Every structure is written in structure tokens, then in C-alpha cells.
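Subject: A structure for you to look at

Hi there,

I am passing on the structure we talked about, so please open it alongside this message. Have a look around first, and then read on.

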Amino acid sequence: MDNILNESADMEDDDEEPMTSVESLAALEEAWLNEELSPELLEHKSELVECLQGQVKHMEENIARLTKGDLLISVHKMEIDRVNYIIRSYLKCRLKKIEQCSSHILGKEAQTDRDDRFSEAELQFTQEHLSSIEDHLKMLALQHMPATFKTFPEGIKKMATPKRDTYVFLKMNQSVPGLAMIDDTIEGGEEIVDLDEGSQHIMRYKSIAHLIKSREASLI
């Protein structure tokens, strides 16, 4: 795969080495799996998506320069299909969550980290999606009700709230000592545990959500 994708991708943090294309694809695969298995919308990875889309464009340009009938054409096309599948699956998963919880996502309780969770396109989609739902409900039912009931019901907004108490499976990417775990069965409601690199656990999502964000753990 290193020979098919570019040697490096345009992914670089201030304090980190640039990511290769292979590492970028692996990071997006991990983000896709975490997104699929987490009960809430995670931080967006639009930079990874844009980087890999650039790699796909580069591979398509390489194909155009190859001689017709060259075996590499089929190899390049298969790799392009694989990368595009991962990108589309990741974006589709995020859009599904946005559609399910758009009112919560745009609510006051979710404003603190909204910039990290959304790309600009996703934020625009969320606003338009929620607006279309409200307009549909008003036209379908609310306009036929007494004036005191014509506001958009708050109860409907609260129905689609991510269930952060859900238990999830996770694998530790690095050791994390002294993690405070919520446990309603013990006095004080909290337990301190040490999580070793490579170990697997089942825990409440809200207790380990920060580990997923920091990539110290991955959902499985």
C-alpha cells in the first residue's frame, strides 16, 4: 500500500511528525470504528478526510498516465475504492448521528465543544435538518392546535439525547493509571482503576470518553 499511496500525507501537528498516507488511513479507520460504537458524536476528522481525498485524486492522476492494459490500473482502482469506502462510511455514520440527535447537538448543553465536533459543512447540515423537522411538525400538527401549544415541544428535543451511560468495549492503546470509574454499587460511587496497555474492558462510556478523544483507548 505504501507504493500505491503517496509516501506522506499533508497531515502535521505543531509538535508531531507528519503522518504518512498509510497512517492517515489507519487513523480514519479507527475514527470510523469509534464513531460507529460510541453513543455520541465524536470530534470530527475533516483534516484526515480531506487529506485522503487528496490522495485519491493523486492516484486517479497516476492512473490517467498509465498505459491502457497496465496491471497497475486495476491495483490503483481497487485501492481507490477501498479508501473511498472508508471515507463514505465514516461520513455516513456521522450524518446518521446528526440526524438522530440534531436538537441535542445544537442545544446549550452541547455548545462547549461544538467547534471540535463539527466541520463547517456538518454544522450547516445540522441546522438545516433541525429547521426542516420543526417546519414539518408545525405544518403537520402545531398549526392546528390552540395558541398555547404552537411552540415546538421541548420534550421532543430531549428525546434524542446520547446515552452516555451506555456500556462499551474498549482496548487500551497505552497505560492509564489511576482512572476514576463511576460505580453506583460501591460506597462513594467511584472506583480507582489502573488500565494497562493492550488490555480490554467493558465500561460506562461517560467514564472513558476522554480516553477515546485522546486516542489513549479505542472502542472495539
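Predicted model: local features only at pLDDT ≥ 70, side-chain atom pairs only at ≥ 80, totals over all residues.

**Helices α2 and α3**

Start with helix α2, residues 46-65, and helix α3, residues 71-105. Their axes are 10 Å apart, and the two helices pack at an angle of about 160°. Angles over 145 degrees count as roughly antiparallel, and therefore α2 and α3 are roughly antiparallel to each other. Their crossing is left-handed. On the α2 side, the contact involves Val49, Leu52, Gln53, Val56, Met59, Glu60, Asn62 and Ile63. On the α3 side, the residues include Ile73, His76, Ile80, Val83, Ile87 and Leu91. Sorted by type, the residues of this contact are eleven nonpolar, four polar and three charged.

A UniProt record, from an unreviewed entry, annotates residues 42-69 as a "coiled-coil region". In the model, that span is 71% helix and 0% strand, and its end C-alpha atoms lie 43 Å apart.

**Helices α3 and α5**

Helix α3 also packs against helix α5, residues 120-140. Here the angle is about 65° and the axes are 9 Å apart. This crossing is right-handed. From α3, the contact uses Arg94, Leu95, Ile98, Glu99, Ser102, Ser103 and Ile105; from α5, it uses Glu122, Phe125, Thr126, His129, Leu130 and Ile133. These residues divide into six nonpolar, four polar and three charged.

**Asn34**

Is Asn34 buried or exposed? Asn34 sits in helix α1, residues 21-37. With a relative accessibility of 6%, Asn34 counts as buried, because buried means under 20%. Leaving aside residues up to four places away in sequence, Asn34 touches Leu42, Ile212, Ser218 and Leu219.

**Arg215**

Finally, find Arg215 in the loop between α7 (205-213) and β5 (217-219). What is the phi of Arg215? It is positive, at about 65°, although Arg215 is not a glycine. Most residues other than glycine have a negative phi, so this one deserves a look on your screen. Arg215 has a relative accessible area of 41%, so it is partly exposed: the value falls between the 20% limit for buried and the 50% limit for exposed.

Happy exploring!

How values were computed. Residues numbered from 1 in each chain as written. Heavy atoms only, no water. Helix = DSSP H or I, 4+ residues; strand = E, 2+ residues; numbered from the N terminus. Buried < 20%, exposed > 50% of the residue type's maximum accessible area, 1.4 Å probe, protein only. Axes fitted to C-alpha atoms, helices over the stretch in contact; angles between N-to-C directions. Parallel < 35°, antiparallel > 145°, perpendicular 65-115°, else oblique. Left-handed = near helix turned anticlockwise from the far one by under 90°. Contact = heavy atoms within 4.5 Å. Nonpolar A, V, L, I, M, F, W, Y, C, P; charged D, E, K, R; others polar. UniProt positions renumbered as here; feature names shortened; annotations may be inferred.
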